[in-house]
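Reader: Hi! I'm new to reading protein structures, could you walk me through this one?
Author: Happy to, let's take a look together.

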Amino acid sequence: MKQQLFQKTTAAILSGLLILAAPGTGAAGSLAGSEGDKRFSPLLPGSAKDECTKAYKAYVAASGHSAYATTSFVRVRDGYVLCGAHYNASSQKAAEAMAMKSCQSARAYYKVAASGNCQIAASK
């Protein structure tokens, strides 16, 4: 009888310690609404209908690992800002790689010389 009580008490204590030792498991939640690791503030056009504005808002709203890439700031009037994003990837690194690929393919498609190189603006 005492041995069973000892085993139950030990099991309860060990399970309590396991819960306390792994705080990341209980604290894990959705990334939706978070801007994540913001490396620089992306230049977003004022129009809510602009594709890059839509992509950035979708990035912030995404619940999983996501990234937003954009061309660097251009100080000339005729400069173009291109962007790319990837949402809900398996990891932050994978999301960054896919967002860069998306931005670079947009840059190759539009063939604009006045835009800068693609850079990751934010990822989570």
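Reader: How many disulfides does the structure hold?
Author: The structure holds two disulfides, a disulfide being a pair of cysteine sulfur atoms within 2.5 Å. This is a predicted model, where local features need pLDDT of at least 70 and side-chain atom pairs count only at pLDDT 80 or more, while totals for chains, interfaces and linings use all residues. Residues are numbered from 1 along each chain as its sequence is written, and side-chain values use heavy atoms, with hydrogens and water left out.

Reader: Which residue does Cys-52 pair with?
Author: Cys-52 is joined to Cys-83, with an S to S distance of 2.2 Å. The angle about the S-S bond is -105 degrees, and this link is left-handed.

Reader: Which parts does that pair tie together?
Author: Cys-52 sits in helix H3 (residues 51–61) and Cys-83 in strand S3 (residues 83–89), so the bond ties together parts that are 31 residues apart in sequence. Helices (H or I, at least four residues) and strands (E, at least two) are DSSP runs, numbered from the N terminus.

Reader: Is Cys-52 buried or exposed?
Author: Cys-52 is buried, at a relative accessible area of 8%, and Cys-83 is buried too, at 15%. Buried means under 20% relative accessible area, exposed over 50%, and partly exposed in between (1.4 Å probe, protein chains only).

Reader: New topic: which residues make up the largest nonpolar core?
Author: That core has 11 residues, including Phe-40, Cys-52, Tyr-56, Val-60, Cys-83 and Ala-122. A nonpolar core is a set of buried Ala, Val, Leu, Ile, Met, Phe, Trp, Tyr and Cys residues joined through side-chain atoms within 4.5 Å.

Reader: Which element gives the most to this core?
Author: H3 does, with five residues. The elements giving two or more residues to the core are H3, S3 and S4. Apart from this core lies another of eight residues, among them Ala-69, Ala-99, Cys-103 and Cys-118.
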